[in-house]
Amino acid sequence: MKEIKAYGTEGKKEELKEMSIERRDILDNDVHIDILYCGVCHSDIHAAKNDWKNTTYPLVPGHEIIGKVIKAGEKVENFKEGDLVGVGCMVDSCQKCDACENDLEQFCEEGMVGTYNGKNKHTQKQTFGGYSTDIIVKEDFVLKIPENLEIESVAPLLCAGITTFSPLNHWGIKKGDKVGIVGLGGLGHMGIKFAHAMGAETYMITTSPSKAEDAKKLGADAVLISKEEKEMKEHAGSFDFLLNTVPVKHDINPYLKLLKRDSTMVMVGAIEPLEPMNGGNLIMGRKRVAGSLIGGIKETQEMLDFCGENNITCDVEMIEMQEINTAFERVTDNDVKYRFVIDMKSLKN
């Protein structure tokens with residue numbers, strides 16, 4: 001075990017501050033990573049504030065990690081010193097249940113081990129995330145980063161990217177499909193980029209007309225203002241797929257009316273109760289509401305490779321580690337386009 005520098009919080013009402021944490025010794029199948037950049041996810045804020053009632057303190061957030069390999073364990077086959085790598089939302093799973101055997105570690109029947117606020121299988125202690133100088137991760141949960149991409153803008157792909165890529169990929173979005181991305185934020189802006197790159201006729205669906213110009217710059221073919229009843233009626237029954245990225249409780253009934261028969265809306269943002277849903281909006285058209293959680297390691301690598309081939313990264317604002325509390329406030333106020341990324345040199349100096 002060794003002590004390293006990190007930024008974390010001691011309680012839900014406490015700001016994040018510099019602290020020391022312990023990292024376990026490297027094992028034969030581990031990769032030791034020097035963290036260069038770490039994205040700031042809204043989940044980091046929820047965890048820090050104990051919004052989901054499952055936080056163990058002290059908490060060190062961060063699950064959108066980009067770094068370089070310092071050392072690879074003796075049995076590591078796919079990584080070597082100096083490689084550019086990433087770590088996302090999970091660092092371990094049972095790797096033997098049906099979900100894990102089908103490359104769906106995020107649905108591990110014993111529970112995936114979160115990059116932070118999880119339980120380390122080796123030490124039985126809490127996992128600490130990427131708001132830190134370095135991290136040691138099992139090889140099976142380390143990802144290869146395409147080196148043609150701007151690496152600081154790659155960091156949020158490890159959560160925001162895979163969260164939106166996975167449902168579009170799973171539901172087979174293809175050229176000619178009419179796809180709506182509901183909500184323009186950290187998730188929504190990536191949904192637009194992916195749907196566009198997959199060849200779909202991509203609509204940004206938003207309550208805010210002011211977001212139309214940005215949406216089109218990101219790749220949206222058109223913008224649909226959900227508050228405009230006439231516009232919504234014109235598009236009723238016309239969408240092949242909707243990706244709903246809204247992160248808070250809201251009324252999904254207006255969006256269900258947009259779906260074609262036998263089509264699906266997938267929820268990826270709101271991990272909480274929604275407004276009551278009218279069953280008729282499903283029954284009259286055999287429509288579906290589904291959910292999706294990040295993606296497995298195999299699919300996450302596929303997403304990164306897709307990004308490398310199509311030159312896709314996140315739109316980011318760079319910050320120093322010492323600015324994290326202000327960044328949390330700005331994320332809560334939707335005052336970022338569209339993800340913060342921490343330059344970890346600021347913690348190491």
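Visitor: What do the side chains of D240 and K260 do?
Guide: In this predicted model they form a salt bridge, with 3.0 Å from N to O. The term covers a side-chain nitrogen of Lys or Arg within 4 Å of a carboxyl oxygen of Asp or Glu.

Visitor: Where do D240 and K260 lie?
Guide: D240 is in strand β13 and K260 in strand β14 (residues 259–267), so the bridge ties together parts that are 20 residues apart in sequence. Helices (H or I, at least four residues) and strands (E, at least two) are DSSP runs, numbered from the N terminus.

Visitor: Which residues do salt bridges with shared partners join into one network?
Guide: R261, D262 and R286.

Visitor: How many salt bridges are there in the whole structure?
Guide: The search finds 19. One of them joins the side chains of D134 and K2, at 3.7 Å from N to O.

Visitor: Which strands hold D134 and K2?
Guide: D134 sits in strand β8 (residues 134–138) and K2 in strand β1. They are 132 residues apart in sequence, so this bridge also ties together separate parts. D134 is buried, at 7% relative accessible area. K2 is partly exposed, at 38%.

Visitor: And K217, what does its side chain meet?
Guide: The side chain of E213, in a salt bridge of 3.5 Å from N to O. Both residues belong to helix α5 (residues 212–218). They are four residues apart, about one turn of the helix. K217 is exposed, at 63%, and E213 is exposed, at 55%.

Visitor: Before we switch topic, how are residues numbered, and what pLDDT do local features need?
Guide: Numbering starts from 1 along each chain as its sequence is written. Local features of this predicted model need pLDDT of at least 70 and side-chain atom pairs 80 or more, totals for chains, interfaces and linings use all residues, and side-chain values use heavy atoms, without hydrogens and water.

Visitor: Now rings. How many aromatic pairs does the structure hold?
Guide: Five. One of them is F165 with F194, an edge-to-face pair with 5.4 Å centre to centre and 70° between the planes. Rings of Phe, Tyr and Trp (its six-membered ring) pair if their centres lie within 6.5 Å; planes under 30 degrees apart count as stacked, over 60 as edge-to-face, the rest as tilted.

Visitor: Which helices hold F165 and F194?
Guide: F165 is in helix α3 (residues 160–170) and F194 in helix α4 (residues 186–197). The pair links distant parts of the chain, 29 residues apart. F165 is buried, at 4% relative accessibility, and F194 is buried, at 0%.

Visitor: What about the rings of W171 and F241?
Guide: Their centres are 6.1 Å apart and their planes at 40°, so that pair is tilted. W171 lies in the loop between α3 and β10 (178–182), and F241 in strand β13 (residues 239–244), 70 residues apart. W171 is partly exposed, at 30%, whereas F241 is buried, at 1%.

Visitor: Which residues do ring pairs link into a cluster?
Guide: F165, F194 and F306.

Visitor: Last one. How far is E234 from Y37?
Guide: 44 Å in space, C-alpha to C-alpha, and 197 residues in sequence. E234 is in helix α6 (residues 229–234). E234 is exposed, at 56% relative accessible area.

Definitions and conventions. Buried means under 20% relative accessible area, exposed over 50%, partly exposed in between (1.4 Å probe, protein chains only).
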